[in-house]
Amino acid sequence: MSSLTARTDPHHSPRRGRLQLLALFALVLGPMLLAGAMYHWRFWVPEGRTYHGTLIGTGQSRAELGVEPDERTESRWQLLVTAPEECAADCQRLVYLARQIHIGLGREADRGAHALATGQLPAAEERRRLEREYPQLGHYRLERTAYERATPGLSGAQLWIVDPLGNLVLRYGAETDGKGVLEDLRLLLKLSKIG
């Protein structure tokens, strides 16, 4: 009698068992098949990462900007402020911002550096102030002809993220928000095995 009730019991029907097995396969294989289809036919896939700065995808180097390399910072990511003339108010703001972003990296700060490259060397008093307020700031001479050739249409101070190999990665104008630069740099450090 018990074997007869087991066969007629709706909870033990072969049809229900097949449906449960199919549901289990759908739960396991469904997401994998969907991901494969999304990759193959490129639907529902974001086009790319949106950076806060302008992505430099040309392989342009710091040297092409007219900035000579510095052996002390060669193996690190660099926040480089450039000003084709002297370091005026917008440039000074970016120098301050670069230092704050460098500090904001926290335990990753040893992977970064900040520097200033100007077309006109600062006066002695300004140099002393920079050394006093920004003791870790690297300072470069900017070769203006090379800079103008490499940056047509740009004017005023700019902030660049430079990788440890000296390649320009991202550029920001003088009005940039430090929070966005910090987010971009943190992502680059996370993705990078160098520096």
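Reader: Is Thr-82 buried or exposed?

Author: Thr-82 is buried, because its relative accessibility is 0% and the cut-off for buried is under 20%.

Reader: Which side chain does the Thr-82 side chain make a polar contact with?

Author: That of Tyr-147, at 2.9 Å.

Reader: And which residues is Thr-82 in contact with, leaving aside neighbours within four places in sequence?

Author: Leu-65, Ala-117, Leu-142, Tyr-147, Gly-156, Ala-157, Gln-158 and Trp-160.

Reader: Switching to charges. How many salt bridges does the count come to?

Author: The count is 5. One of them pairs Arg-144 with Glu-85, 2.8 Å from N to O. That pair links distant parts of the chain, 59 residues apart. Arg-144 is in helix H5, residues 144-150, and Glu-85 is in the loop between S2 and helix H3.

Reader: Which other residue forms a salt bridge with Arg-144?

Author: Glu-148, with the closest N and O atoms 3.8 Å apart. Both lie in H5, 4 residues apart, about one turn of the helix. Shared partners join Glu-85, Arg-144 and Glu-148 into one network.

Reader: How accessible are Arg-144, Glu-85 and Glu-148?

Author: Arg-144 is partly exposed at 33%. Glu-85 is partly exposed at 40%, and Glu-148 is partly exposed at 46%.

Reader: What about Glu-108 and Arg-111?

Author: Their side chains meet in a salt bridge at 3.3 Å, N to O. Glu-108 is partly exposed at 29%, whereas Arg-111 is buried at 13%.

Reader: New topic: which residues make the nonpolar surface patch?

Author: Leu-21, Leu-24, Phe-25, Leu-27, Val-28, Leu-29, Met-32 and Leu-33, about 850 Å² in area. Val-28 belongs to helix H2, residues 14-41. Val-28 is partly exposed, as its relative accessible area is 47%.

Reader: Zoom out. How many helices and strands?

Author: 6 helices and 6 strands. From the N terminus the order is α-α-β-β-α-β-α-β-α-β-β-α. Of the 195 residues, 38% count as buried.

Reader: Which elements have the lowest and highest mean pLDDT?

Author: Helix H1, residues 2-8, has the lowest at 51, and strand S5, residues 158-162, the highest at 97. The chain averages 86, and 86% of the residues score at least 70. Where pLDDT is low, the predicted coordinates should not be read in detail.

Definitions and conventions: Residues are numbered from 1 along each chain as its sequence is written. This is a predicted model: local features need pLDDT of at least 70, side-chain atom pairs count only at pLDDT 80 or more; totals for chains, interfaces and linings use all residues. Side-chain values use heavy atoms; hydrogens and water are left out. Buried means under 20% relative accessible area, exposed over 50%, partly exposed in between (1.4 Å probe, protein chains only). A polar contact is a pair of N or O atoms within 3.5 Å; within protein, one must be able to donate a hydrogen and the other to accept it, and residues adjacent in sequence count only if both atoms are side-chain atoms. Contact means heavy atoms within 4.5 Å. pLDDT is the predictor's confidence in each residue, from 0 to 100. Helices (H or I, at least four residues) and strands (E, at least two) are DSSP runs, numbered from the N terminus. Patches are made of residues with over 30% relative accessible area and no salt bridge: like charges are joined within 9 Å, nonpolar side chains (Val, Leu, Ile, Met, Phe, Trp, Tyr) within 5 Å. Accessible areas come from the Shrake-Rupley method with a 1.4 Å probe; for residues, only the protein chains shown count as cover. A salt bridge is a side-chain nitrogen of Lys or Arg within 4 Å of a carboxyl oxygen of Asp or Glu.
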